[in-house]
Amino acid sequence: MTAAELSHDWTQGEIEALFDLPFNELMFKAQTVHRQNFDPNKVQLSTLLSIKTGGCPEDCKYCPQAAQYETGVQVEKLMPVEDVLADARMAKEAGATRYCMGAAWRTPKDKELDQVIEMIQGVRAMGMETCVTLGMLNAAQATRLKDGGLDYYNHNVDTSEDFYPEIISTRTYDDRLNTLENVRDAGINVCSGGIVGMGETRADRAKMLMTLANLPKHPESVPINMLVEVEGTPVFGMSDSTQGIDNFEFIRTIAVARIMMPGSFVRLSAGRETMPEEAQALCFLAGANSIFYGEKLLTTPNPQNNKDAALFDRLGIMPLEGADLATLNAAE
Ligand code: SAM
Ligand code: DTB
Ligand code: SF4
């Protein structure tokens, strides 16, 4: 599909109509679009590392790293470059093709950015793609990262503009869109998605996807996170109430994202640790073609590598541009 054929004028009604389709219709549509654009049996693997953990001044109600919630997360300083590169080397050996570094900052300081750029250069030298998520960026900071060799910047819109004030008060939706614009203008690939299961409605999920798909260019990577409920955060306990969402609704969200952004990598992101393998398989059928691979996300657990290798083996899925995971793990 050429860039000119991609739609950037989705309406709320069109998107909600996709969400409302009978499940099998939606899955068929999503898988058809997926096959027109991607090999349906290949999934891209990104490994995450928290390079600066906890103590964040922001108040995102889902986040275990916000300083104002008692979540038991230990505050740590920015990691030394060598320690990050040692972890990246292990991720590469385990089969990852992209390495993502996350920092619990509102926005990076100049000196911090220098250190992150050293990390980016070290990871690139290993032959992996690089992604960082450091909070808000101005145009000059985005340009510095681009000049430093960064491939992707992750900055999520998180939810719909309407629901957003229920979740974050310390930065606005426009601040987020502004950062995305700075990243795009600097020539860095955009990774932007959101979280579902925070008490938002289906209309909010549709509106979040509308914001992403109606950007001047679709994000190259769209992470869809299922809320990881962490004790101490204000949204903890969401799934015990009627406000949580079930796996089918999560799978529908993936399918609609796939249909709306046919050429983007849609990532089945946080939430796999507690998700049955059958539900993950349905996410792949719905068009998810990227995962976080490695035993930890930023601060919370993710499935073990050998568990993912076994799942891929059972589904006949191969990592994109990587080695055969089952073989790699058998050799360990
Ligand atoms: N501080 C930076 C920022 O917020 O832009 C970067 C790191 S932040 C942890 C990156 C993203 O992780 C958030 O935007 C959010 O979408 C996701 N995230 C954080 N906590 C989560 C949780 N408990 N469940 C699901 N996703 C989460
Ligand atoms: C994204 O969309 N999900 C990742 C990554 N981008 C940085 C983060 C998930 C974090 C889950 C909670 C944690 O482990 O702290
Ligand atoms: Fe801070 Fe990012 Fe967590 Fe928000 S999501 S509290 S900005 S680390």
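Axes here are lines fitted to C-alpha atoms, for helices over the stretch in contact, and the angle between two of them is taken between their N-to-C directions. All the views below show a predicted model.

**View 1. The packing of helix H9 against helix H10.** Helix H9, which covers residues 277–285, packs with helix H10, residues 305–315, at an angle of about 60 degrees, and their axes are 12 Å apart. Because angles of 65 to 115 degrees count as roughly perpendicular and those under 35 degrees as roughly parallel, H9 is described as oblique to H10. The crossing of these two helices, H9 and H10, is right-handed. On the H9 side the contact involves Glu277, Gln280, Ala281 and Phe284, which meet Lys307, Leu311, Phe312, Arg314 and Leu315 in H10. Sorted by class, the contact of H9 with H10 has five nonpolar, one polar and three charged residues.

**View 2. The packing of helix H2 against helix H8.** The axes of helix H2 (residues 23–37) and helix H8 (residues 247–260) cross at roughly 40 degrees and come within 9 Å, and this angle makes H2 oblique to H8. The crossing of H2 and H8 is left-handed. Residues that make the contact include Leu26, Met27 and Val33 of H2, together with Phe248, Ile251 and Val256 of H8. By class, the contact of H2 with H8 has 10 nonpolar, one polar and three charged residues.

View 3. Leaving aside neighbours within four places in sequence, the residues in contact with Thr130 include Arg98, Tyr99, Ile120, Leu150 and Tyr152.

Terms used:
Residues numbered from 1 in each chain as written. Chains lettered and ligands numbered in written order. Predicted model: local features only at pLDDT ≥ 70, side-chain atom pairs only at ≥ 80, totals over all residues. Heavy atoms only, no water. Axes fitted to C-alpha atoms, helices over the stretch in contact; angles between N-to-C directions. Helix = DSSP H or I, 4+ residues; strand = E, 2+ residues; numbered from the N terminus. Parallel < 35°, antiparallel > 145°, perpendicular 65-115°, else oblique. Left-handed = near helix turned anticlockwise from the far one by under 90°. Contact = heavy atoms within 4.5 Å. Nonpolar A, V, L, I, M, F, W, Y, C, P; charged D, E, K, R; others polar.
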